[in-house]
Amino acid sequence: MTSRWVFGLIFLVCAGLLGVAFYMEHVMGLEPCPLCWLQRFGFMGAGLVSLLAALHGPSGFGVRIYGLFLALTAGAGLGVAGRQLWLQSLPADQVPACGPSVDYMLEVLPFFEVLSTALKGTGDCAEVVWRFLGLSIPGWTAVFFSLLVITGLVLLFRQPKPRNWIAG
């Protein structure tokens, strides 16, 4: 399997996960919290890196560079998912207060203040509104981000196959 196919598959997985997120929002009526939005950006980043790599079709050192960027973007998403899982594990009396929606914050606050508030999380982020096989939404995103990080690290550190110069 060539690197182009690997990165193309990763792009399709990220696009599919974003499709599921928009389905949950617009069809199922689940309102995304600030940390959910940041996780979407993590999948967008990993998907964009993978799309660029699939279009480029790198080999050798190029695969390692794209693997590094994939691991970094997915690692950032994994950190955000971990933060939300931590908030969901808190006792009810320790959960932070609910905050305004992301749309409202973007209208009235400077961007970096919105980002800071989103990273802290709100009470909305601690609420578990959906489960599948016992895992909440950030639990599933953590699983997929972990797989993407592992894939990126494998691409970064794998040893290239030796070429047989004599056989041609």
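User: Quick one: is Y66 buried or exposed?
Analyst: Y66 is buried, with a relative accessible area of 18%. Buried means under 20% relative accessible area, exposed means over 50%, and partly exposed is in between, using a 1.4 Å probe and protein chains only.

User: Where do these values come from?
Analyst: This is a predicted model, where local features need pLDDT of at least 70 and side-chain atom pairs count only at pLDDT 80 or more, while totals for chains, interfaces and linings use all residues. Residues are numbered from 1 along each chain as its sequence is written, and side-chain values use heavy atoms, leaving out hydrogens and water.

User: OK, how many aromatic pairs are there?
Analyst: The count comes to three aromatic pairs. Rings of Phe, Tyr and Trp (its six-membered ring) pair if their centres lie within 6.5 Å; planes under 30 degrees apart are stacked, over 60 edge-to-face, and the rest tilted.

User: What kind of pair do F7 and Y66 make?
Analyst: An edge-to-face one, because the ring centres of F7 and Y66 are 5.9 Å apart and their planes sit at 65°. This pair links distant parts of the chain: F7 is in helix 1 and Y66 in helix 3, 59 residues apart.

User: And F7, buried or exposed?
Analyst: F7 counts as buried, at 0% relative accessibility.

User: What about the rings of F132 and W140?
Analyst: Their centres are also given as 5.9 Å apart, but the planes are at 45°, so the F132 and W140 pair is tilted. F132 is partly exposed at 43% relative accessible area, and W140 is partly exposed at 23%.

User: Zooming out, how many helices and strands does the protein have?
Analyst: Seven helices and two strands. Helices (H or I, at least four residues) and strands (E, at least two) are DSSP runs, numbered from the N terminus. From that end, the elements run α-α-α-α-α-α-β-β-α.

User: At what angle do helix 1 and helix 2 cross?
Analyst: Roughly 150°, with the axes of helix 1 (residues 3–26) and helix 2 (residues 34–56) coming within 8 Å. That makes helix 1 roughly antiparallel to helix 2. Axes are lines fitted to C-alpha atoms, for helices over the stretch in contact, and angles run from 0 to 180 degrees between N-to-C directions. Under 35 degrees counts as roughly parallel, over 145 as roughly antiparallel, 65 to 115 as roughly perpendicular, and the rest as oblique.

User: Which residues of helix 1 and helix 2 meet?
Analyst: Among them are F7, I10 and F11 in helix 1, and F43, G47 and S50 in helix 2. By class, this contact has 16 nonpolar, four polar and three charged residues. Ala, Val, Leu, Ile, Met, Phe, Trp, Tyr, Cys and Pro count as nonpolar, Asp, Glu, Lys and Arg as charged, and the others, Gly among them, as polar.

User: What is S50 in contact with?
Analyst: Leaving aside neighbours within four places in sequence, S50 is in contact (heavy atoms within 4.5 Å) with F7, I10, F11 and L70. S50 is buried, with a relative accessible area of 0%.
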